[in-house]
Amino acid sequence: MKPIELSRIDLNLLTVLAALMRERHVSRAAQRLHLGQPAVSHALARLRELTGDPLLVRQGRVMEPTERALALMQGLGPALEQIEATFRAQADFEPARAAPVFRIGLTDDLQIAMLPRLLRALSVEAPRARLVTLTVCYRNATRYLDEGRVSAVMTFLKDLPAGAKMRKVRTARFALLRADTATARLTLDDYCRRRHVLVTYAGDLCGTVDETLNELGRQREVAFSVPQFGSLPAVLAGTELLATVPEHVALALSAQGGLRCEALPFESPSYQIKLAWRAVTDKDAAETWLRRAMLRAFND
């Protein structure tokens with residue numbers, strides 16, 4: 001294994017290597033670093049010369065790291081994050097004057113329920129800031145954080161990447177959405193007799209509410225499942241279908257008109273919505289401001 005002389009190392013090369021290891025693709029790494037593809041290719045060539053190792057080898061449409069690349073990043077990754085965190089902690093943030101680019105992950109329901117308020121806060125308090133929102137769920141939120149695709153996520157979380165920070169935001173419960181014209185509230189018998197639409201990231205026909213009904217010795221007929229809450233106004237319109245969704249998105253969708261929100265005819269199950277962020281951004285003034293804005297947007 002060829003040793004690397006410290007005097008020959010350019011820190012920019014290491015950031016390129018980190019981006020390539022995350023993206024496994026030259027074009028995507030260039031986009032992440034705001035560089036041209038030739039610049040990233042040139043940096044990779046210099047890294048290969050320095051290490052005497054190919055580092056990343058093309059396999060199909062992606063580039064797979066060599067053992068040397070994995071060993072390098074095992075030691076360099078934490079060091080690079082610490083350097084970034086040190087510089088971030090020293091930077092002042094004036095919302096009215098700063099022009100950061102924030103990248104966050106939100107579930108579909110939170111994009112409906114809290115994103116508009118967050119955008120209004122940004123436009124008033126940090127008018128030069130730009131926001132990139134990616135759709136996440138419990139299946140990919142941890143990976144998006146770990147890969148640095150987002151600096152913060154708000155969702156139901158089962159676990160966290162090493163070193164990530166987290167705080168509880170709210171206990172969420174469910175409510176009923178309906179588009180029919182009947183005015184009477186549904187009984188449990190009515191609820192079980194009617195057909196339902198389920199919003200699920202898993203692509204199945206059974207959810208948390210069905211587990212609760214089973215405990216009561218009851219069941220409902222889930223006729224359809226869809227992957228996004230935003231499709232419910234069109235799906236429910238003009239039908240007798242019901243949708244049981246988190247209360248915050250039920251209130252947001254019913255406020256748009258065409259749908260009514262009401263309490264479930266049984267005790268709702270609950271779950272915790274959490275805000276998680278990369279440890280490297282924990283002391284960053286701009287990211288701290290963003291996280292507070294996210295919390296205000298959801299809890300106000």
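Which helix does Arg46 lie in? Arg46 sits in α3, residues 37-51, where helices are DSSP runs of H or I with at least four residues, strands are E runs of at least two, and both are numbered from the N terminus.

Before going on, the basis. This is a predicted model, with local features needing pLDDT of at least 70, side-chain atom pairs counted only at pLDDT 80 or more, and totals for chains, interfaces and linings using all residues. Residues are numbered from 1 along each chain as its sequence is written, and side-chain values use heavy atoms, with hydrogens and water left out.

Back to Arg46. Its relative accessibility is 33%, so Arg46 counts as partly exposed; buried means under 20%, exposed over 50%, and partly exposed in between, with a 1.4 Å probe and protein chains only. Leaving aside residues up to four places away in sequence, Arg46 touches Asp10 and Leu13, contact being heavy atoms within 4.5 Å. Asp10 is 36 residues from Arg46 along the chain, and their C-alpha atoms are 9.8 Å apart.

Next, the core. A nonpolar core is a set of buried Ala, Val, Leu, Ile, Met, Phe, Trp, Tyr and Cys residues joined through side-chain atoms within 4.5 Å. The largest one has 27 residues, and Met114, Leu118, Met154 and Met294 touch the most other members. Helix α12 gives the largest share, eight residues. Strands β3, β5, β6 and β11 and helix α6 are among the elements that each supply at least two. Met154 has contacts including Met114, Val169, Ile273 and Phe298.

A second, separate core has 23 residues, among them Ala29, Leu50, Leu72 and Met73.
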